[in-house]
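Subject: Structure handover

Hello,

Here is the structure I promised to pass on. Please open it beside this email.

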Amino acid sequence: MNTLPFQKISIKELAKLIGHNGQIQSMVNVCGFLLCQKGWAKVSVGEKNFTITQGDMYIYAPSSFIHIIDWSEDMEGIAFKSTLEHILPYLERTSSHKTILNIRTAPCVTLTQEQQDNIEDLARIIDKKIAFLDSLKEGSLPRHFTLREVECLAEAFISEFLLYYISNLGKETEIINSKDRIIQDFLLCLFQHYKKQREVKFYAEQQFLTPRYLSTIIKEQTGKTALTWISEMVTSNACQMLAYSDMSIKEIAQELNFPTQSFFGKYFKQYMHCSPLQYRQQHKYTKKN
C-alpha cells in the first residue's frame with residue numbers, strides 16, 4: 001500500500017527491530033514518532049538518557065542511534081514513521097530550523113491529557129480506514145479515494161505530533177526566513193549523505209552556494225561551522241557503533257565509507273583526541289543479564 005507506515009505497537013514488537021545487545025541501528029532518512037500509552041522505557045541517544053512514561057511523546061531524529069536500556073513488559077504505544085523529506089515541509093511551515101535542532105537534543109515532551117486523547121482518536125480513525133482499504137479491490141475507484149483519504153489522515157497525524165512537540169517544548173518559535181531555508185536544506189542533505197560526503201563543498205554545491213557563504217550562514221545561525229556539523233555527525237555515529245555494537249573497527253570504517261581503517265582512525269582521533277580502540281575500551285556497553 002502506497003501510504004505512510006502507521007501502526008500501534010508494543011515494546012515486544014519493537015524489540016524485533018533491536019539487536020541482541022539492545023540498540024537500534026541508525027536509520028539515516030527515517031523520522032519516528034512514539035506516544036507512550038502504558039508502561040515505561042529508558043533510552044539513550046548519544047550521551048543523553050531519557051525515561052519515557054505514559055503520556056510522553058518521543059520523536060526519533062534521522063541518523064540517531066538509539067539504545068534501549070530497559071523497558072517495562074506492559075509498555076504499549078502508538079508508533080508512526082516516515083521519511084525526512086516528507087516530514088520537513090511540516091517543519092518548514094510551523095517553525096524555524098531550530099525545531100529540527102531541538103528534536104535531536106530534546107526528543108521527548110509530555111502531552112496534556114487532551115493532546116494525548118486527540119492523537120489516540122486520530123490513530124483509531126486511521127486504523128479503521130486502513131482496515132477498510134485492505135478490504136477493497138486493488139485498482140478500484142473506491143480504493144483510490146480511500147487511499148488518498150488515509151494519506152491525508154496521516155498528514156494530519158504528523159502535523160498534530162509536530163504541533164504538540166513545539167507547543168510543549170516551551171521554546172519560542174521564529175518566523176521562517178531565507179537563512180532558515182539554507183540551514184534546513186543543509187541538515188536534510190547532511191542526514192542523507194554524511195556517511196559518504198565529508199566536504200563542505202559538496203553540501204554547498206547542492207544549494208548552488210559557495211562553501212564560504214554556506215559556512216558563514218551555518219556558523220551565524222547555529223554557532224557551529226558546516227565542517228563541525230559534518231564531523232560531529234560522522235564521529236557521533238562512529239562513537240555509538242564503537243560503544244553499543246559488536247562491529248569491528250574495520251567494519252565501522254567501511255560503514256562510514258572510509259577508504260581504509262587507518263584513514264578512519266586518523267579522522268576519528270583528529271576530532272575525538274583518542275583512537276577508536278581507546279574510545280571503545282573506555283565506553284563499551286555491556287548488557288546486564
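Below is what was found in it.

This is a predicted model: local features need pLDDT of at least 70, side-chain atom pairs count only at pLDDT 80 or more, and totals for chains, interfaces and linings use all residues. Residues are numbered from 1 along each chain as its sequence is written, and side-chain values use heavy atoms, without hydrogens and water.

**Overall**

The protein chain has 12 helices and nine strands. These are DSSP runs numbered from the N terminus: helices are H or I with at least four residues, strands are E with at least two. The chain has 289 residues, and 49% count as buried. Buried means under 20% relative accessible area, exposed over 50%, and partly exposed in between (1.4 Å probe, protein chains only). Take the contacts with a separation of 6 or more: residues 24 or more positions apart account for 75% of them. A contact means heavy atoms within 4.5 Å.

**Two loop residues with positive phi**

Most residues other than glycine have a negative phi. Phenylalanine 208 has a positive phi of about 55 degrees. Phenylalanine 208 sits in the loop between helix 7 (200–206) and helix 8 (211–222). Its relative accessible area is 79%, so it counts as exposed.

Histidine 273 also has a positive phi, near 65 degrees. Its loop runs between helix 11 (261–272) and helix 12 (276–283). Histidine 273 is exposed, at 68% relative accessibility.

**Another loop residue**

Glutamate 73 lies between strand 7 (66–71) and strand 8 (76–83), in the loop. Glutamate 73 is exposed because its relative accessibility is 58%.

Best wishes
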